[in-house]
Amino acid sequence: MKKILMLATAAALCACGGKNAYMIDGNVAGLEGTVYLLDAERNAVDSTAVTDGTFRFEGTVEEPAVRYLTDNTGFAPASFAAMLILEPGTISVADNAEGSSTKITGTPSNDAAAAYEAAAAALVTEYRNPETTDERRDAIEQEYEALTRTAATENRTNYFGAMILAQQLAYDLSGAELLDEIALFPEELQRTELLAELKERAEQKLKTDIGQPYIDVAQKDADGNVVTLASVIGNPAVKYTLLDFWASWCGPCMGEVPVLKKTYDAFGAKGFEIYGVSFDKDRAKWLAAVETNGMNWIHVSDLEGFDNQAAKDYAVQGIPTNFLIDAEGKIVAKNLRGEALYEKIAELLGE
């Protein structure tokens with residue numbers, strides 16, 4: 001009986017190892033020396049020697065994860081670098097020494113990623129072609145968005161689909177919509193770190209969906225005085241407050257400044273206020289951006305970048321992000337970009 005139990009245990013261990021086993025087979029023309037396998041923080045977790053441009057990694061993985069391959073972990077430029085999705089199966093890596101034509105295939109997630117990248121690259125190449133008309137460029141932008149949505153829908157059974165959802169689609173989805181999307185993935189994928197963390201953010205985001213009450217923010221202004229969002233919303237003269245998350249180093253944020261100024265100038269006297277929360281870490285750059293661009297509304301920052309309570313409370317994943325709040329403290333709109341902001345305030349307060 002004891003031998004039978006031991007054999008059964010050994011068989012179970014082998015089966016488990018086989019199920020989670022991966023192999024990375026590389027064939028990179030001109031590559032020499034050593035190739036390193038890096039984790040998400042770019043720490044080397046494994047390495048292997050290169051022979052005539054070929055290399056191999058073997059191991060087991062508990063759940064799919066993004067990993068990196070490189071021939072240099074120091075400060076010198078690497079001649080080879082590639083990103084892959086580490087998951088059970090045999091992953092093929094084909095490249096040249098300059099790393100300009102990396103092709104990673106062999107498992108469901110990597111095959112899906114390769115197909116998406118090829119289709120996206122073709123659209124980008126056509127978009128950048130000087131002979132492409134403006135009309136065609138507008139169509140390409142729509143095709144690119146459709147490609148991303150389709151990739152997410154068609155890959156709900158693999159990790160690449162989860163990556164598309166988390167990295168490209170989550171920003172524009174409400175908390176409720178995001179939770180619905182996560183629920184479409186198999187339970188095994190929902191338990192991965194990527195989707196588990198995304199679910200936590202979605203549940204927090206649910207608290208800031210349109211129709212929900214605002215969450216107060218308390219940070220210091222340029223003079224070091226704490227200014228709360230509640231004090232702005234509670235001002236009888238203020239009818240609508242735009243809670244605007246931004247930073248001086250954020251190109252898209254600064255691109256929104258002209259319409260913010262236009263809207264503020266037109267409706268500031270009619271009850272429109274902006275409460276800007278900067279994700280800057282450099283005080284001088286924050287204040288210089290405010291002054292140089294004539295951003296004459298309320299500004300606060302704790303100078304901790306994304307690592308602040310307001311970012312967590314409002315589940316901010318990227319900037320610019322904004323929330324429009326009425327005098328009753330209810331969120332009535334979010335992520336109003338470009339002329340959409342001016343049009344919404346004009347609708348609410350009149351021209």
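Visitor: How many aromatic pairs does the count come to?
Guide: The count comes to eleven aromatic pairs, where rings of Phe, Tyr and Trp (its six-membered ring) pair if their centres lie within 6.5 Å, and planes under 30 degrees apart count as stacked, over 60 as edge-to-face and the rest as tilted. Please keep in mind that this is a predicted model, in which local features need pLDDT of at least 70 and side-chain atom pairs count only at pLDDT 80 or more, while totals for chains, interfaces and linings use all residues. Residues are numbered from 1 along each chain as its sequence is written, and side-chain values use heavy atoms, with hydrogens and water left out.

Visitor: What kind of pair do phenylalanine 267 and tyrosine 342 form, stacked or tilted?
Guide: Phenylalanine 267 and tyrosine 342 form a tilted pair, with 5.4 Å from centre to centre and 55° between the planes. Phenylalanine 267 belongs to helix H10 (residues 257-267) and tyrosine 342 to helix H13 (residues 339-349), so the pair ties together parts that are 75 residues apart in sequence. Helices here are DSSP runs (H or I, at least four residues), as are strands (E, at least two), and both are numbered from the N terminus.

Visitor: And are both of those buried or exposed?
Guide: Phenylalanine 267 and tyrosine 342 are both buried, a label that means under 20% relative accessible area, with exposed meaning over 50% and partly exposed in between (1.4 Å probe, protein chains only).

Visitor: Which residues does threonine 263 touch?
Guide: Threonine 263, which is also in helix H10, touches Gly268, Phe272, Leu341, Tyr342 and Ile345 when residues up to four places away in sequence are not counted, contact being heavy atoms within 4.5 Å. Threonine 263 has a relative accessible area of 0% and is therefore buried.

Visitor: Which rings are linked into a cluster?
Guide: Ring pairs join Phe245, Phe279, Phe306, Tyr314 and Phe323 into a cluster.

Visitor: Switching to helices, at what angle do the axes of H4 and H7 cross?
Guide: The axes of helix H4 (residues 159-169) and helix H7 (residues 193-205) come within 10 Å of each other and cross at roughly 30°, which makes H4 roughly parallel to H7. Axes are lines fitted to C-alpha atoms, for helices over the stretch in contact, and angles run from 0 to 180 degrees between N-to-C directions; those under 35 degrees count as roughly parallel, over 145 as roughly antiparallel, 65 to 115 as roughly perpendicular and the rest as oblique.

Visitor: Which residues in H4 and H7 meet?
Guide: From H4, Tyr159, Ala162, Met163, Leu165 and Ala166 meet Leu194, Leu195 and Leu198 in H7. The residues of this contact divide into eight nonpolar, no polar and no charged, where Ala, Val, Leu, Ile, Met, Phe, Trp, Tyr, Cys and Pro count as nonpolar, Asp, Glu, Lys and Arg as charged, and the others, Gly among them, as polar.

Visitor: Now the backbone: which peptide bond is cis?
Guide: The bond from isoleucine 319 to proline 320 is cis, with omega near 5°, and proline 320 lies in the loop between helix H12 (309-313) and strand E14 (321-326). For context, most peptide bonds are trans, and most residues other than glycine have a negative phi.

Visitor: What phi does arginine 42 have?
Guide: Although arginine 42 is not a glycine, its phi is positive, at about 65°. Arginine 42 sits in the loop between strand E2 (34-38) and strand E3 (44-49), and its 52% relative accessibility makes it count as exposed. Asparagine 335 is likewise not a glycine and has a positive phi of about 50°.
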